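Biologist: I would like to learn how to read a model of this kind, starting with the chain as a whole and ending with the sheet. Could you take me through it step by step?

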Amino acid sequence: MSSNLIRHRIFEELREDIMSCDLQPGEELREVALAKKYGVSKSPIRDALQRLEFEGLVEIAPRQGHRIAPISIKDAIDILDLREVLETSAVRKIATDADPIDLVALDEFRKADLSSLREFARYNRNFHAKINALSGNARQADVMQSLMDNYERLCIVSLSSRRQEAQEMHAALDDHNKIIDALQARDGRAAARLCAKHIRKSYVQIMRGLENRPVVA
């Protein structure tokens, strides 16, 4: 395998482990240990850490090297507030301007793999990325992608049980279907209202789940 392919693979694997919280927020990262874990030299690990630092998922810890960016209550509030502003704006624009073919294509997201949180998180990420891409605002889509990456970690950290995982996955899928219905009916007001309700519900669940968690700053 070429050096570039190895670097890309390590970046994707390390990023996925951060997003799924297999590597916990605040956890120290040692290049030697990571190289052993992923079966590579330190060079692609160092490259991946630099890219992840640029994305805000990894940070430099004074006198300790790298660590996974921690989660804070303040940051969680900021993410959820900004997400509501941007995503409600996006669905209003989609309802008015989107191509009919693109609206029909949203049916792809009416079903999701609910067998694992990791698979559902991937589906959720793709659904919201599609919504923001359809808004036609490339800068907004880039901002939302970063928000959703951090939002995904919030969700995973805040969940306390398998039962809670299942309940929230089913509820989120139901909300997505209602949003799709409104968009396909070109009802921007309803889509924005449903989107805001969906995010505010997440706000309550996440804030409750983050209380007294040791990985939360």
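Biologist: What percentage of the residues of the chain count as buried?

Modeller: A residue is called buried when its relative accessible area is under 20%, and in this predicted model 46% of the 217 residues of the chain count as buried. The accessible surface of the chain comes to about 11400 Å², and carbon and sulfur atoms hold 51% of that surface.

Biologist: Which elements does the chain contain, and in what order do they run?

Modeller: The chain has 9 helices and 3 strands, and from the N terminus on the order is α-β-α-α-β-β-α-α-α-α-α-α. The radius of gyration is 18 Å, close to the 17 Å that the globule rule gives for 217 residues, so the chain is as compact as a globular protein of that length. Among contacts with a separation of 6 or more, 76% join residues 24 or more positions apart.

Biologist: How are the strands arranged in the sheet?

Modeller: The 3 strands form an open sheet in the order E1-E3-E2, with antiparallel pairing. Strand E1 (28-29) and strand E2 (58-61) stand at the edges with a single partner strand each, so one side of each is left without a neighbour in the sheet.

Biologist: Over how many bridges do E1 and E3 pair?

Modeller: E1 pairs with strand E3 (residues 65-68) in the antiparallel sense over 2 bridges, and the bridge partner of Leu 29 in E3 is His 66.

Terms used. Residues numbered from 1 in each chain as written. Predicted model: local features only at pLDDT ≥ 70, side-chain atom pairs only at ≥ 80, totals over all residues. Heavy atoms only, no water. Pairing = 2+ DSSP bridges. Helix = DSSP H or I, 4+ residues; strand = E, 2+ residues; numbered from the N terminus. Rg over C-alpha atoms; globule rule 2.2 N^0.38 Å. Buried < 20%, exposed > 50% of the residue type's maximum accessible area, 1.4 Å probe, protein only. Contact = heavy atoms within 4.5 Å. Areas by Shrake-Rupley, 256 points an atom, 1.4 Å probe, with all protein chains shown as cover.
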